[in-house]
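Biologist: I've got a protein model open on my screen and I'd like to go through it with you. Can we take it one question at a time?

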Amino acid sequence: MYMDQDFDQLATEPPTAAGRNPEQVLHEVFGYESFRPLQGDIVREVVNGGDALVLMPTGGGKSLCYQVPALVRPGTAIVISPLIALMQDQVAALRELGVRAAFLNSTMDFEQARATEYALATGELDLLYCAPERLIQPRTIELLHNASLSLFAIDEAHCVSQWGHDFRSDYLQLSMLAQEFPGIPRIALTATADERTRKEIAERLSLTKARHFISGFDRPNIQYRITPKTNANKQLLDFIKAEHEGDCGIVYCLSRNKVDATARLLSSKGYTALPYHAGLSAEDRARNQERFLREEGVIVVATIAFGMGIDKPDVRFVAHMDLPKSLEAYYQETGRAGRDGKPSTAWMVYGLQDVIKLRQMLEASQGNDQFKRVERQKLDAMLGLCEVTQCRRQVLLHYFGDNLETPCGNCDTCLNPPETWDGTVAVQKALSCVYRTGQRFGVNYVIDVLRGSENERILQSGHQAITTYGIGQELSANEWKSVFRQLVANGYLRADPEGYGALQLTERCRPLLKGAQAIELRKDPVARNTIGGKSSTSRRSGQNVRDQITDHAGWDALRACRKELADKQGVPPYVIFHDTTLFDMLERRPSTLEELAEVSGVGAAKLEKYGDVFLQALRSINPEA
Ligand code: ADP
Ligand code: ZN
C-alpha cells in the first residue's frame, strides 16, 4: 500500500492553485477539457460557500465536485471517507497531480499522524482525507478549529442511513460539523440513494439548506446482458474469450465453494483469476485485492464481500454466475464496471434453479411477514428484469425512478430483441401436470411426465396413467425448463418452502389453468453464447474497448511504460494515467510537450513528470513522427 506521505518534498512545492478559477484548475491540474453536466454547477455552489447534496452514479465524477473547490477556495478541504484503502489511493492519485493531499486514519503511526497534523496547522495541505471515527475525536476537532478550512466533503454519505446496507454509526455524529463549523460549506456525496435515503441524509447531516444536485442513474457505457443458463462455466469462458480477453473483470458467485471452483477453472484456461471471499485469511484477501488493483488483466472471482471501496476505473466486465437478490444489489455490483466511461459489459447467466433457490431461501428465512413481503417484492423486480422482452435499461432505470424515453440500444434485448410465442396451451399443460402429480415433485420429474418418459420413478408412482402423461412431446426438455422458469419467475408457481423443490400452484395461476387468460412467453435464444459476437458488439457504445484500438503494439508499449512508472512508485497503474488518457494519446500521437498537454487527463504536474518518458514511448512505436 502507498503509505509514505513524504512531507519534506511536499513542503518545498509551491501552493498549488491560489487565485485560479474552477475552469483553470480543471484544465491545469486535472488536464480535463470541460466539466460534465452538473459538475460545473456543484463546483460553483461550493466555491461560493453553499452546501450541496450530490447524487451521481458511480463513475459520474463526484470527486471533482469537491476537489476543484478545494483548490479554488483558500484553506484545507476535509474529506470524510469511510474506506481506508480508497483513501490511500485517492491521496496517491492527487499527489501525482501535484496536489498537496494527505490522510489521517488508523493505519498510520504516531509520527506520521503528527506530521500530517502539523501540515494541516501550517496550511500546507489542499485536501486532508479523514476516517469518520478519527474526525469525531475531540482532539481532531480541536485541530480543525485551529486550522484554516475551505470545505467539508462527506463521501459515501448514504452511510448515515440506518436502512441502507453500509450503515456506519460514526457517520451519525457528523451532524455536529454544522454546529462546530457553521461558516464552512459542506458537500455530501453518494451514488446510492432513493428519495427516502436522500431525505435521511439531509436530516442526519443537518444539510437541510443544502441545494440538491441529482443526476440520472444511467450508466450508458455499460451494456446489460442476461442470458439463460445452459452450461454456465462454458458460457462464462466463451464470453470472456470472445469479448474480454486480457481485460480486468469481476466474476460474482453466491458461495465460497463456487468462487474457488470458478477461479480454478479460469486459471486452468490461462487467466489470472484470484478468489476473494470471507473464508480466506485477511492477508490472502488483501493480497488478491492488491494484485487486482496493481496488475493488468486480473479477474477477481468473488462473493459480494468484494467490491465495496474498489475505485478501479478500468474494470471492463462484471459477470454474475448467480442471481443477486435485488435490483439494488445488481445495480451496485454491475456499477463497478466502466467507471472511466469506456464501454463495459454487465453479463449474467441465470436459470430455473437460481429462481427456485432464491425463492426458497426467502420463504425459509427468519424474518417477519412484513420483511418477507419487502424481500419478495425485491426479488420479483429482479426476476422481472431477467424475463423482460423490452429494453433492460428502461426497466432498470424506471425501478430507480428515472425515466428513459426510448430504448437504449445497448442492452441484449435492444440488440437482439427476444422472440415471444403464445404459451397459453403449454402453460395449461404444465400447470395441470403439476396439479395432477400432487404438487409434490420437482421440475425435472414433472417434465419427464409431460414428455412421457418411462423412467423408474414414473413407472413406480403410476403417473403414466394420469391424463397429463406424455401430452408435452412437442417441446424439448430445455424448452419446458424455460416455460417453468418463467412461471416461477412470474409467480404462477412456487417451489415449496421446505426446500425439496416441489413445484406448487399459487393463487395467481387460476385463470391460466382454466385457459381463461392467454400468456406470451419469451423464447430463449438457442445456444448463442455471446450476443452475435462482433456484429452486435460493435454497435453504438457497446463496442469492445479493444476493438477500438488499431495499433495493438502501440497500446502495449504505452501500457508497459505506465506499468514501469507505477511499479517504481508503488502505485496502481491508473494513478499514473487512466486507460482513457492512453487511448487519447494513441489517437492523437502527440510529438511535443505542447501537444501532449492537450491529451485528456494530462495536467501540468504529470506533463512535467512523465511527458518526456511518454513522448519517447510514442516515438518508438511511431517512427515516422
Ligand atoms: P465517482 O466518484 O462519481 O464514481 P470519479 O470521481 O471517480 O467518479 O470519476 C470517474 C472518472 O471520470 C474518473 O476517471 C475521472 O477522472 C473522470 N472524470 C470526472 N470528471 C471528468 C471531466 N470533467 N472530464 C473528464 N473526465 C472526468
Ligand atoms: Zn436497451
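Biologist: Is L513 buried, exposed or partly exposed?

Modeller: First, a word on ground rules: this is a predicted model, where local features need pLDDT of at least 70, side-chain atom pairs count only at pLDDT 80 or more, and totals for chains, interfaces and linings use all residues. Residues are numbered from 1 along each chain as its sequence is written, chains are lettered from A and ligands numbered from 1 in the order in which they are written, and side-chain values use heavy atoms, with hydrogens and water left out. Buried means under 20% relative accessible area, exposed over 50%, and partly exposed in between, with a 1.4 Å probe and protein chains only. L513 comes out at 28% relative accessibility, so L513 is partly exposed.

Biologist: Where does L513 sit, and how many Å is it from Y435, C-alpha to C-alpha?

Modeller: L513 belongs to helix α24, residues 510-513; helices here are DSSP runs of H or I with at least four residues, numbered from the N terminus. In sequence, L513 and Y435 are 78 residues apart. In space, C-alpha to C-alpha, their separation is 9.7 Å.

Biologist: What kind of aromatic pair do F577 and Y610 form?

Modeller: Rings of Phe, Tyr and Trp (its six-membered ring) pair if their centres lie within 6.5 Å; planes under 30 degrees apart count as stacked, over 60 as edge-to-face and the rest as tilted. The structure holds 15 such pairs. For F577 and Y610, the centres are 6.1 Å apart and the planes make 75°, so the pair is edge-to-face.

Biologist: Why does that pair tie together separate parts, and how many residues apart are they?

Modeller: F577 is in the loop between α28 (573-576) and α29 (579-588), while Y610 is in helix α31 (residues 604-621). Because of those positions, the pair links parts whose separation in sequence is 33 residues.

Biologist: Which ring does the charged end of R508 sit over?

Modeller: A charge sits over a ring if NZ of Lys or CZ of Arg is within 6 Å of the ring centre and within 35 degrees of the ring normal. K312 does this with F292, 5.6 Å from the ring's centre. For R508, at 4.7 Å from the centre, the ring is that of Y492.

Biologist: What does ligand 1 touch through polar side chains, and how much of ligand 1 does the protein bury?

Modeller: A polar side-chain atom of Y32 lies 2.5 Å from an oxygen atom of ligand 1. H578 has a side-chain N or O atom 3.0 Å from an oxygen atom of ligand 1. Taken alone, ligand 1 exposes 560 Å² (Shrake-Rupley method, 1.4 Å probe), and the share buried by the protein is 85%.

Biologist: Which loop holds L38, the residue other than glycine with positive phi near 80°?

Modeller: L38 has a phi near 80°, which is positive. With a relative accessible area of 23%, L38 is partly exposed. Its loop is the one between α2 (22-30) and α3 (39-47).

Terms used:
Helix = DSSP H or I, 4+ residues; strand = E, 2+ residues; numbered from the N terminus. Polar contact = N/O pair within 3.5 Å; in protein donor to acceptor, adjacent residues only side chain to side chain.
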